[in-house]
Amino acid sequence: MARVAIQHEDFDLSNEIAELRRHDKRVGAVCSFVGTVRGREEGTHGPPVLSMELEHYPGMTEKAIEAMIDEALHRFDIFGVRIIHRVGLLAPGDQIVLVAVTSAHRGQSYQACEFLMDYLKTQAPFWKKERTPQGEQWVDARVSDDAAAARWGIPGGNG
Amino acid sequence: MKIAVRYFASIREAIGQGGETVETRAETLAALRDELIARGEPHAGALARGKSVRMAIDQVMSDEAAALREGAEVAFFPPVTGG
């Protein structure tokens with residue numbers, strides 16, 4: 001199974017985890033993260049999000065994420081990683097991203113999962129555009145994502 | 001030398017195209033950015049100094065001091081917001 005998929009289609013968490021664990025009897029822990037489209041930005045005063053469009057940089061996206069996985073395998077005692085990121089037009093509630101990691105014990109897969117998400121948030125070339133009743137707008141990068149990445153010694157660059 | 005330049009997201013929209021081939025003598029990313037800014041609008045606004053612009057050479061995130069070479073693929077884009 002490829003470690004990385006950039007796709008328009010939705011994904012099924014159970015299938016992905018089953019595939020990741022298959023034939024690997026060393027696995028004692030699976031940690032996964034699924035990100036979804038919020039129907040409203042934090043704080044209930046913002047306008048509702050009608051849809052979200054995800055653009056990416058084909059080629060670089062895959063390369064960047066493969067490098068992140070190599071780094072995670074180097075830093076943590078983990079066995080397998082699967083990352084799926086959707087692109088194109090999504091609706092509130094839709095799944096956007098999956099990061100799943102296997103290890104012998106929970107600690108390493110928990111950490112690697114968080115590391116990979118923090119890395120992806122600041123280094124993978126994806127951009128979100130929201131459509132609200134007021135029109136379309138590109139989503140601003142968050143300084144908090146840089147701070148999260150900095151914990152691992154990853155340069156943010158988003159601020 | 002010839003450089004393939006690509007633009008993404010808000011920068012692509014501001015410039016009005018996804019990419020172009022640029023003939024340049026710029027030796028670094030910073031020099032290339034300045035050269036594009038010097039063309040005037042829409043490049044000047046899209047790539048303006050003081051704006052948060054991230055760059056890649058041959059699909060690897062790079063800082064402005066990075067050196068260019070013939071045939072390189074350079075990309076300019078805003079801070080990333082995936083995940």
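**Fold, pockets and local backbone features of the predicted model**

Chain A contains 4 helices and 8 strands. The structure described here is a predicted model. Along the sequence of chain A, these elements follow the order β-α-β-β-α-β-β-β-α-β-β-α. The radius of gyration of chain A is 16 Å, which agrees with the value near 15 Å that a compact globule of 159 residues would have. Along the principal axes, the C-alpha atoms of chain A occupy a box of roughly 50 × 35 × 30 Å. Buried residues make up 48% of the 159 residues of chain A. Of the contacts in chain A between residues at least 6 apart in sequence, 75% link residues at least 24 apart.

Pockets were examined next. Rolling a probe the size of a water molecule over the atoms shows where empty space is left. The largest pocket has a volume of about 460 Å³. Its lining comprises 25 residues, and those nearest the centre are Arg38(A), Lys121(A), Lys128(A), Arg142(A) and Gly83(B). In chain A, at least two lining residues each are supplied by β2 (29–36), β6 (95–103), α3 (106–123), β7 (126–132) and α4 (143–150). The greatest contribution is that of α3(A), with 4 residues. By class, the lining of the largest pocket consists of 11 charged, 8 nonpolar and 6 polar residues.

The second largest pocket has a volume of about 220 Å³. It is lined by 15 residues, with Asp140(A), Ser10(B), Ser52(B), Pro78(B) and Pro79(B) closest to its centre. The lining of the second largest pocket divides into 9 nonpolar, 4 polar and 2 charged residues.

Most residues other than glycine have a negative phi, and most peptide bonds are trans. In chain B, the peptide bond between Glu41(B) and Pro42(B) is cis, with omega about 5 degrees. Pro42(B) lies in the loop that links α2 (29–38) to α3 (43–46) of chain B.

A positive phi, near 65 degrees, is found at His23(A), which is not a glycine. His23(A) is placed in the loop between α1 (13–21) and β2 of chain A. Its relative accessibility is 73%, over the 50% cut-off, so His23(A) counts as exposed. Gln59(B), also not a glycine, has a positive phi of about 70 degrees. This residue sits in the loop between β3 (54–57) and β4 (60–62) of chain B. Gln59(B) counts as buried because its relative accessibility, 16%, is under 20%.

Definitions and conventions
Residues numbered from 1 in each chain as written. Chains lettered and ligands numbered in written order. Predicted model: local features only at pLDDT ≥ 70, side-chain atom pairs only at ≥ 80, totals over all residues. Heavy atoms only, no water. 1 Å grid on protein atoms, 1.4 Å probe; cavity = no way out; pocket = protein on both sides within 12 Å on 5 of 7 lines; lining within 4 Å. Points joined across faces, edges and corners; volume = space filled by probe spheres on them. Nonpolar A, V, L, I, M, F, W, Y, C, P; charged D, E, K, R; others polar. Rg over C-alpha atoms; globule rule 2.2 N^0.38 Å. Buried < 20%, exposed > 50% of the residue type's maximum accessible area, 1.4 Å probe, protein only. Contact = heavy atoms within 4.5 Å.
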